[in-house]
Amino acid sequence: MTYHRIGSEKKGGGRKTAIEQQPQLLVNFLALLAEFTAGDPMREGVLWTNLSRCEISRRLGEMGTPTSRRTVRKLLRKHGLGQRKARKKKSMGAHPDRNAQFENIARLKAAFLAAGNPVISIDTKKKELIGDFAREGHTHTQAAVETLDHDFPSAGQGKLIPHGIYDVARNEGTIHLNTSHDTSELCCHSIALWWQRQGRRHYPNAGQLLILCDGGGSNAANRHVFKEALQALAELLGLAIRIAHYPPYCSKHNPIEHRLFPHITRACQGIVFHTVDIAKQFMEKAKTSTGLKVTVDILAGTYETGKKCASDFLENMRIVFDDFLPRWNYRALPKG
């Protein structure tokens with residue numbers, strides 16, 4: 001019997017890797033990347049390629065150096081090339097009052113939460129076609145899922161409008177689904193329904209409500225029709241409603257955009273919205289490890305576009321604008 005002393009093995013033993021066996025492989029790989037790799041002109045050394053591992057493997061074989069996708073992955077990793085998705089991170093602009101408004105929103109939010117008054121973040125999520133249309137994402141199914149090869153709205157049953165409300169203090173989200181139009185009236189009816197079903201129960205002693213929102217769409221900062229709908233909402237709820245708009249190009253900082261909507265998207269990925277009820281069923285499944293709860297309801301009603309505010313609204317409105325950045329900060333007051 002022969003004994004080997006531990007540590008006496010010869011270094012460098014074992015089977016050589018594909019890269020070591022084929023010196024030409026690395027040469028061909030770099031030549032291939034030189035042709036199909038782009039760089040970021042703003043960041044030196046940041047590269048990407050539009051070829052898949054399978055495609056790289058095939059092309060390397062045609063160049064006389066056959067290799068597996070596993071080896072291709074090692075080569076990509078070695079040279080800092082990963083599979084990534086473009087992220088919408090660059091702001092299109094910066095308003096001079098951006099930081100001042102962010103500080104104002106932080107102050108308002110802290111004061112409302114400390115007093116036990118509700119703070120909600122609102123926005124309309126991406127609209128979806130209802131019908132046999134493909135949606136991004138994968139699902140586990142027993143059979144292939146086939147949908148129409150073109151997303152023509154005329155081939156469906158309308159467009160789904162998901163208006164969202166996020167309760168900042170309670171980490172609870174509410175989605176109201178409608179198939180009409182995304183208007184200021186729909187926005188305020190959605191808030192009213194939230195108050196009647198959740199808000200009033202959770203904040204029985206509230207005297208005012210803080211709404212955080214961006215400055216466009218159904219809650220546009222520069223539209224009188226939104227302020228008229230807001231004043232009607234204050235009357236209905238019997239609450240003073242304070243609005244704080246995020247500056248232009250800053251809607252991604254609105255809490256609902258990163259605390260609710262991404263989880264709704266993930267819960268619905270790959271699901272075909274054949275009906276509104278199917279969308280509701282899957283949106284309700286959204287949850288997080290931090291305890292996010294989501295309620296989804298269908299908001300009945302037809303909301304017409306092009307509506308004008310009453311002729312005497314500006315004379316009689318009870319909208320009080322702040323001295324500080326009044327275009328983004330104001331209150332709707334109920335009578336008395």
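Colleague: What makes the contact between the side chains of Arg-58 and Glu-62 a salt bridge?

Modeller: In this predicted model, the N to O distance between the two side chains is 2.4 Å. The cut-off is 4 Å between a side-chain nitrogen of Arg and a carboxyl oxygen of Glu, so the pair Arg-58 and Glu-62 qualifies as a salt bridge. Both residues lie in helix H3, four residues apart, about one turn of the helix.

Colleague: Why is Glu-62 called exposed?

Modeller: Its relative accessibility is 57%, and exposed means over 50%; therefore Glu-62 counts as exposed. Arg-58, at 40%, is partly exposed.

Colleague: Why is Glu-128 called buried?

Modeller: Buried means under 20% relative accessible area. Glu-128 has 11%, so the residue counts as buried. Its salt-bridge partner is Arg-135, at 3.1 Å, N to O. Arg-135 is also buried, because its value is 17%.

Colleague: Which parts of the chain does the salt bridge of Asp-297 and Arg-197 link?

Modeller: The closest N and O atoms of this pair are 3.2 Å apart. Asp-297 is in strand E9 and Arg-197 in helix H6, 100 residues apart, so the pair links distant parts of the chain. Asp-297 is buried at 16%, whereas Arg-197 is partly exposed at 42%.

Colleague: How do you know that the span of helix H6 agrees with its number of residues?

Modeller: At 1.5 Å a residue, the 19 residues of H6 should span 27 Å. The end C-alpha atoms are 25 Å apart, which agrees. H6 also bends by about 55 degrees at Trp-195.

Conventions: Residues numbered from 1 in each chain as written. Predicted model: local features only at pLDDT ≥ 70, side-chain atom pairs only at ≥ 80, totals over all residues. Heavy atoms only, no water. Helix = DSSP H or I, 4+ residues; strand = E, 2+ residues; numbered from the N terminus. Expected span 1.5 Å × (residues − 1). Bend = angle between axes of the 7 residues up to and from the residue. Buried < 20%, exposed > 50% of the residue type's maximum accessible area, 1.4 Å probe, protein only.
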